[in-house]
Amino acid sequence: MLNKTIVITGAGGGLGSTFSKELAADGSTIVVLDFNLEAAQKTADAITQAGGKAIAVSADVTDKTSLEAARDEIQRQLGHYDVLINCAGIQDPLAKTTAEAYQAGDEADTFTAVLNPNTQDPAAARQALIARKRTLFNLDNTRLARVMTVNWLGTVTACEVFAVGMVGRDGCSIINITSMAAYNALSMVPAYAASKAAVDSFTRWLSNYLSNEFGKVRVNAVAPGYFLTPLNHDMYVNPDGSYTQRYYNVIHRTPMGRLGDPKELVGALKFFADDTLSGYITGQVIAVDGGFLSCPGI
């Protein structure tokens with residue numbers, strides 16, 4: 001059994017919740033870290049009810065002060081932590097284009113999809129903006145920046161804060177979550193693709209910085225292929241429940257012929273977290289993708 005104390009950001013839902021439950025079942029104590037304390041507590045409760053060990057802590061990965069307070073609370077309750085898994089991330093519909101490639105005349109529509117906080121029905125306003133055609137020429141740069149801030153800078157900031165309690169100790173590691181978008185610039189998602197490429201590069205940089213004899217912290221990453229999660233559900237499933245063309249495009253390029261189950265990512269996490277298995281491995285990325293990267297599509 002792994003038997004580590006593991007901090008997982010973005011663990012209130014999606015992949016983070018699955019990671020938390022599976023790693024707890026393997027004997028580790030889990031810190032379920034999420035900006036939504038209610039969601040974090042729900043995951044932690046599910047773990048403890050199943051006989052595992054977990055605590056829920058609230059923190060915003062884009063706020064260094066918030067993360068420092070969370071770190072101090074974790075150390076107060078648990079004394080230490082051994083592993084940080086950076087799972088917090090977002091995908092913003094307003095930071096995506098509605099088509100995969102430029103269409104003649106796109107440049108004529110320069111309307112910028114900005115949400116007005118004073119709108120009487122903000123949910124309806126958001127849905128109206130999501131339904132509107134979005135191209136390179138009318139994306140809202142504030143939404144692009146938010147994706148970069150949460151996905152990349154949030155990872156960097158969490159590493160800054162939590163590495164304080166790890167440097168110089170044996171058996172500590174950081175595991176970042178990247179994406180297929182870190183290898184190839186996926187269509188429609190310019191901000192998400194750029195943010196994950198940045199996380200991939202930062203993983204390698206940080207491994208060089210922290211993994212020496214003084215730091216002793218290994219830094220690696222897991223790059224999920226295509227998994228159906230709340231983050232990407234609308235890209236693969238139509239409102240009527242049928243699959244989108246993008247889903248079929250992915251399946252065509254995936255030799256195993258299916259989307260992945262989030263639980264199938266956990267083996268790579270355990271491997272990187274266990275210094276008896278990967279103690280001489282740092283700066284590496286494992287793609288868990290059903291063969292996607294190996295397939296040219298023909």
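**Pockets, sheet and a buried serine**

Modeller: By class, 21 nonpolar, 14 polar and five charged residues make up the lining of the largest pocket. Keep in mind that this is a predicted model.

Biologist: What makes a residue of this pocket count as lining?

Modeller: Distance does: a lining residue has an atom within 4 Å of a pocket point. The largest pocket holds about 970 Å³ of space. It is lined by 40 residues, and C87, G89, I90, Q91 and L231 are the closest to its centre. Two or more lining residues come from each of α1, β2, α5 (141–162), α6 (190–210) and α7 (233–236).

Biologist: Which element gives the largest share of that lining?

Modeller: That's α1, with three residues.

Biologist: And how much space lies in the second largest pocket?

Modeller: About 580 Å³. Of its 23 lining residues, P93, K96, I130, D234 and M235 are the closest to the centre. The elements giving two or more residues here are α4 (122–131) and α7, with α4 giving the most, four residues. Split by class, the lining has nine nonpolar, eight polar and six charged residues.

Biologist: On to the sheet. How do you know that β1 and β4 are paired?

Modeller: Count the bridges. Two strands pair if there are at least two bridges between them, and β1 (residues 5–9) is joined to β4 by four. Four bridges therefore pass the cut-off of two, and the strands pair. One of the contacts you can look up is V7, whose bridge partner in β4 is L84.

Biologist: What joins β4 to β5?

Modeller: Four bridges again, with β4 and β5 (residues 172–177) running parallel. Here N86 has N176 in β5 as its bridge partner. Over at β2 (residues 29–34), six bridges link that strand to β3 in the parallel sense, and V32 stands opposite A56.

Biologist: Why are β3 and β7 called edge strands?

Modeller: Start with the order. The open sheet has seven strands, arranged β3-β2-β1-β4-β5-β6-β7, with parallel pairing. β3 (53–58) and β7 (285–288) each have a single partner strand, so one side of each has no neighbour in the sheet. On average, neighbouring strands are turned by 20° against each other, direction ignored.

Biologist: Which helices sit on this sheet?

Modeller: One is α1, which packs on the sheet and touches β1, β2, β4 and β5. Its direction makes about 170° with that of β1. Another is α9 (residues 266–273), lying across β4, β5, β6 (217–224) and β7 and running at about 170° to β6.

Biologist: What makes S20 buried rather than exposed?

Modeller: Its number does. Buried means under 20% relative accessible area, and S20 has 0%, so S20 counts as buried. S20 lies in helix α1 (residues 14–25).

Biologist: What does S20 touch, leaving out residues up to four places away in sequence?

Modeller: I8, A11, I30, V32, T43 and I47. A contact here means heavy atoms within 4.5 Å.

Biologist: Which way do the residues of β4 point, and are they buried or exposed?

Modeller: V83 and I85 point one way from β4 (residues 83–86), while L84 and N86 point the other way. All four are buried, so each comes in under the 20% cut-off. That includes N86, the residue bridged to N176, and L84, the bridge partner of V7.

How values were computed:
Residues are numbered from 1 along each chain as its sequence is written. This is a predicted model: local features need pLDDT of at least 70, side-chain atom pairs count only at pLDDT 80 or more; totals for chains, interfaces and linings use all residues. Side-chain values use heavy atoms; hydrogens and water are left out. Buried means under 20% relative accessible area, exposed over 50%, partly exposed in between (1.4 Å probe, protein chains only). Axes are lines fitted to C-alpha atoms, for helices over the stretch in contact, and angles run from 0 to 180 degrees between N-to-C directions. On a 1 Å grid over the protein atoms alone, a cavity is a set of points where a 1.4 Å probe fits but cannot get out, and a pocket is an open set with protein on both sides within 12 Å along at least five of seven lines; lining residues have an atom within 4 Å of a point. Grid points are joined across faces, edges and corners, and a volume is the space filled by probe spheres set on the points. Ala, Val, Leu, Ile, Met, Phe, Trp, Tyr, Cys and Pro count as nonpolar, Asp, Glu, Lys and Arg as charged, and the others, Gly among them, as polar.
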